[in-house]
Amino acid sequence: MRTRLDDFISRISAQRDILNSIAERRPELPDGPILEIGLGNGRTYSHLRARFPDLRIIAFDHENGAHGSCRPDDADVVLGDIQETCMSYNGAAAAVAHADIGTGYPEKDAIIRQWLPSRIVAVLARGGFAVSGLELRHPELEEIPPPPSVEKGRYFLYRRR
Ligand SMILES: C[S@@+](CC[C@H](N)C(=O)[O-])C[C@H]1O[C@@H](n2cnc3c(N)ncnc32)[C@H](O)[C@@H]1O
């Protein structure tokens with residue numbers, strides 16, 4: 001029987017493998033920062049920081065709650081509800097936006113899926129990559145197959161048209 005632990009491991013390794021695949025495509029990235037949409041404990045922030053040491057990473061969350069070993073400067077954290085802060089963001093358009101804000105509750109995630117795609121498009125440069133734990137349906141976003149190691153439907157990769 002598949003467990004929540006199995007799902008967690010699958011999600012976490014999908015994040016790592018997709019972020020690594022974007023790092024390998026570095027020459028294709030447009031100029032711009034990386035946006036970490038949902039900072040949480042800072043695990044993926046830490047991975048992004050290691051893979052893209054020369055790029056600014058701006059994190060969005062209700063609070064700067066990352067682990068002390070990988071806590072972004074407060075100047076690089078946009079506090080508040082992502083549904084609003086992405087719309088009021090007036091920084092440079094992003095080379096990469098990673099959104100890990102799924103809840104695991106289908107009815108809650110269905111609501112997030114309604115507003116998240118437009119928020120991603122609002123902050124992402126043309127040619128930029130969007131990575132998300134929730135499917136993003138938007139005409140500006142072209143889905144790209146993730147690395148073969150990623151379980152189907154587990155994590156999603158897009159490029160802005
Ligand atoms: C699953 S955690 C992210 C984990 C992170 N990727 C890591 O590796 O540590 C999701 C985070 O998104 C934040 N979040 C979810 N929805 C949000 C919203 N609408 N506005 C602001 N923050 C939100 C939560 O507070 C939580 O910290």
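Modeller: One term before we start: a nonpolar core here is a set of buried Ala, Val, Leu, Ile, Met, Phe, Trp, Tyr and Cys residues joined through side-chain atoms within 4.5 Å. Buried means under 20% relative accessible area. Also keep in mind that this is a predicted model.

Colleague: OK. How many residues are in the largest nonpolar core, and which have the most contacts inside it?

Modeller: The largest nonpolar core has 24 residues. Leu35, Ile37, Phe60, Leu116 and Ile120 have the most contacts inside it.

Colleague: Which elements each supply at least two residues of this core?

Modeller: On the strand side there are S1 (34–37), S2 (57–61), S4 (94–99), S5 (124–132) and S7 (156–160). The helices that do so are H3 (82–88) and H4 (106–123). H4 gives the most, with six residues.

Colleague: What does Leu116 touch?

Modeller: If you skip residues up to four places away in sequence, Leu116 touches Ala99, Ile101, Ser132 and Leu136.

Colleague: And what about a second core?

Modeller: There is a separate one of 23 residues, and Leu39, Leu48, Ala66 and Val131 are among them. As background, nonpolar side chains tend to be buried together in soluble globular proteins.

Colleague: Let's zoom out. How many helices and strands does the protein have?

Modeller: Four helices and seven strands. Reading from the N terminus, the order is α-β-α-β-β-α-β-α-β-β-β. The radius of gyration is 15 Å, close to the 15 Å the globule rule gives for 161 residues, so the protein is as compact as a globular protein of that length.

Colleague: What box do the C-alpha atoms fill?

Modeller: Roughly 45 × 35 × 30 Å, taken along the principal axes. Of the 161 residues, 47% are buried. Looking at contacts with a separation of 6 or more, 60% of them are between residues 24 or more positions apart.

Colleague: Switching to single residues. Where is Val96, and is it buried or exposed?

Modeller: Val96 is in strand S4. Its relative accessibility is 1%, so it counts as buried. Leaving out neighbours within four places in sequence, Val96 contacts Ile22, Leu29, Pro33, Ile34, Leu35, Leu124 and Phe129.

Colleague: How far apart are Val96 and Pro33 in sequence and in space?

Modeller: They are 63 residues apart in sequence and 7.0 Å apart in space, C-alpha to C-alpha.

Colleague: What about Gly42, where is that?

Modeller: Gly42 is in the loop between S1 and helix H2 (43–51). It counts as buried because its relative accessibility is 0%. Beyond residues up to four places away in sequence, Gly42 touches Ala66 and Cys70, and Ala66 is one of the residues in that second core.

Colleague: Last one: where is Ser21, and what is it in contact with?

Modeller: Ser21 is in helix H1 (residues 4–24). Setting aside neighbours within four places in sequence, Ser21 is in contact with Pro147 and Leu157. At 16% relative accessibility, under the 20% cut-off, Ser21 counts as buried.

Note on methods
Residues numbered from 1 in each chain as written. Predicted model: local features only at pLDDT ≥ 70, side-chain atom pairs only at ≥ 80, totals over all residues. Heavy atoms only, no water. Rg over C-alpha atoms; globule rule 2.2 N^0.38 Å. Buried < 20%, exposed > 50% of the residue type's maximum accessible area, 1.4 Å probe, protein only. Contact = heavy atoms within 4.5 Å.
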